[in-house]
Amino acid sequence: MSVIKRISQLKEHLNSGDMSESLFQQIEEAQPDAIFHLTALWRNDPDSRKVNLGIGAYRDDGGKPWILPVVRKAETIIHNDPNLNHEYLSITGMPEFREAAARLMLGADSPAIKENRIVTVQTISGTGAVHTAAAFLSRFYRKDVPALISNPTWINHKLIFKGVGIDIVEYPYWNPQTKGLDIDGMLKALEDAKPGSIVLLHACAHNPTGVDPTQEQWKQIADICEAKKHFPFFDCAYQGFASGDLDRDAWAVRYFVDRGFETLVAQSFSKNFGLYCQRTGCLTVVLKNASVVKKVESQMAIIQRSEISNPPAHGARIVNIVLHDPELYNEWVQNLKTMSSRIQEMRQRLYGKLIELKTPGTWNHIIDQIGMFSYTGLKGKQVQVLKEKYHVYLTDNGRISMAGLSTKNVDYFASAVDDVVRNVSP
C-alpha cells in the first residue's frame, strides 16, 4: 500500500469520528421511577417483616391482589360469548363503554349528556386520558397560559404536561402544619394566576395527600375559576374507591359541569375495578354547546390515531358489561364498599395504635384523609430508618399506601413509626 493511500485512509478515519461511540452518547441516565424502584427493593428484601407501602394498588388483608368477584363474572360472560373476536375497536373506542363511562362520571341526569354536548374517548387508563387531554390542550387551547398543578401531585402530571410543552406552575395544596388542605394558599394562587390558566384538579382522593376540599371549599374554587376564566381539568382515578360512594366521589366534577364550565375529565378504571394491567380509561370533554362536538371528536381521533391507533378491548368489555347489567352493577357497588371499608379500617387501626403508643404529635390526619394514600408527615431521615431498620418501604415524602397495611402488620408499622418519631430528627 502506498504511503499516499495510507495517509488518505487515516484522514478518512479521523474525519469520520470514533465509530465505537453511539450517536446518543451524550444522553444522561434517568433516575428510575420512584414507585417501581421502591417495589423492586421490597421484592428483593429477604426479611420476613418487610412491608410495601409504596405502590398504589389494592391488596386484601392477606397482602394479595384482589380480583373483584364481579370482574370474574364479567370475564366468564366474555369467555362464553360465541361472537367474541379480536378485531380492532374504533379509534375513539367502544361506543357503549364510552357512553356508560360518561354517565357514571357526570350522572345519568347530567344536562351535558342530555344536550349532547360531550365528547368521550376511550384511553389507555387514566394516564392515557391525562396525556390525550394535555396533547389536545397543547394544540387547541391558548399558548400563553400555564397549567396550574397542586404541590404535591402525582408525578405523571408534571411529566405529561412538560412532555407536550405546556408550562407548569404549582399552587399550594398541603399544609405541613395542619397536615390538611392549604385552602387559603390554593385560593390565592388561583386568584393570582394568569386569567384563563388550566387548573388541574383531583376529583377525589387526592394523590399523594389523601386530602380533599370540602363541598364548600369546592364552591370557593369554582367561584375563582369562574371569575378568572380558568379552565378546570379534572383527574378522577378513584371514583367509588375513595369513599365507597360513586356519587359522592363525583360531586366536584358534577358541580362544575352544572355551573356551566367547559372541562376535561380524565377517568381511570384501574382502582375501582382492579384492572391495573388492562389500562382501561376514558376522557370526557364537556362543551358549552353541541355545535363543536364533531370538531372536537375529530381532533381527538387524530391524536389517538397518531399515538395508540386504537384502544385495547378486554378491560373495556369488562366495565361495559358491569355498567349495563343492573345486577352486576349492584354487586360492583358492594365490591367497592369492601375495598373502601378495608382501607378505612386500616386508617382507624393505625390511628388507634399511634394514640395507644402516645406517639408524639397529632395523628388525626390519618383518619381525616381519604382514599388509598396518606401523607403521614414523616420526613426523609425518618423514612430512611423505616426502610433500613424496619424494612418498611414508603416514598421519601412520607406517603404511604393504606392498602399495604393489614391486621397482621399495622401494629408493627405503628411501632416503627413511634420509634422514628421519638428518636430520629426529621
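Helices are DSSP runs of at least four residues, numbered from the N terminus. The structure described here is a predicted model.

The ring centres lie 5.2 Å apart and the planes meet at 45 degrees, so the pair is tilted. A tilted pair falls between the cut-offs of 30 degrees for stacked and 60 degrees for edge-to-face. Both residues belong to helix H6, which spans residues 125-140. They are four residues apart in the helix, and therefore separated by about one helical turn. Phe136 is buried, at a relative accessible area of 12%. Phe140 is partly exposed, at 43%.

A second pair involves Trp174 and Tyr375. Here the centres are 4.8 Å apart and the planes stand at 80 degrees, so the geometry is edge-to-face. This pair links distant parts of the chain, its members being 201 residues apart. Trp174 lies in strand E5 (residues 174-175), and Tyr375 lies in strand E11 (residues 373-375). Both Trp174 and Tyr375 are buried.

One aromatic cluster is formed by Trp218, Phe234, Trp251, Tyr255, Phe256 and Phe261.

A charge over a ring occurs at Trp42. The charged end of Lys50 sits over this ring, 4.9 Å from the ring centre.

Conventions
Residues numbered from 1 in each chain as written. Predicted model: local features only at pLDDT ≥ 70, side-chain atom pairs only at ≥ 80, totals over all residues. Heavy atoms only, no water. Phe/Tyr/Trp six-rings, centres within 6.5 Å; stacked < 30°, edge-to-face > 60°. Helix = DSSP H or I, 4+ residues; strand = E, 2+ residues; numbered from the N terminus. Buried < 20%, exposed > 50% of the residue type's maximum accessible area, 1.4 Å probe, protein only. Lys NZ or Arg CZ within 6 Å of the ring centre and 35° of its normal.
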